[in-house]
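Biologist: I have some questions about the terms you use for this fold. Can we take them one by one, with the model in view?

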Amino acid sequence: MLERIPSVRELTRQELTSLRAVVAGSFVPVHQMSPQNRTRLLELGLIQNAMGGLMPTPAGKIVARL
């Protein structure tokens, strides 16, 4: 469980671009995101693995729109 929502400033440009792609598509196959970005966004609780792909969490939707 997240204690706080991460700030956009905590993400690299590539991480933010990846997050926005997941939010825009609502579901992205795992292989379409670099392993580094995927790991970091999962650790921050901004995306989640679901049904063989990546989906945004509510926190991820908030951060992507900032």
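Modeller: Start with the core. A nonpolar core is a set of buried Ala, Val, Leu, Ile, Met, Phe, Trp, Tyr and Cys residues joined through side-chain atoms within 4.5 Å. Keep in mind that this is a predicted model.

Biologist: Which residues have the most contacts inside the largest nonpolar core?

Modeller: They are L11, L19, V22, M33, L41, L46 and I47. The core has 15 residues. Both α1 (13–25) and α3 (58–64) supply at least two residues of this core. The most comes from α1, with four residues.

Biologist: What is M33 in contact with, leaving aside its neighbours within four places in sequence?

Modeller: S18, V22, R38, L41, I47 and L54. Contact means heavy atoms within 4.5 Å, so each of these residues meets that cut-off with M33.

Biologist: In what order do the three strands form the open sheet?

Modeller: The order is β1-β3-β2, with antiparallel pairing.

Biologist: What makes β1 and β2 edge strands?

Modeller: β1 (28–29) and β2 (47–50) each pair on one side only.

Biologist: How do you know that β1 pairs with β3?

Modeller: Pairing needs at least two bridges. Two bridges join β1 to β3 (residues 53–56), so the pair qualifies. In β3, G53 is the bridge partner of P29.

Biologist: Which strands does α1 touch as it packs on the sheet?

Modeller: α1 touches β1, β2 and β3, and its direction makes about 90° with that of β3. Helix α2 (residues 35–43) also packs on the sheet, touching β2 and β3. The direction of α2 makes about 105° with that of β2.

How values were computed:
Residues numbered from 1 in each chain as written. Predicted model: local features only at pLDDT ≥ 70, side-chain atom pairs only at ≥ 80, totals over all residues. Heavy atoms only, no water. Buried < 20%, exposed > 50% of the residue type's maximum accessible area, 1.4 Å probe, protein only. Axes fitted to C-alpha atoms, helices over the stretch in contact; angles between N-to-C directions.
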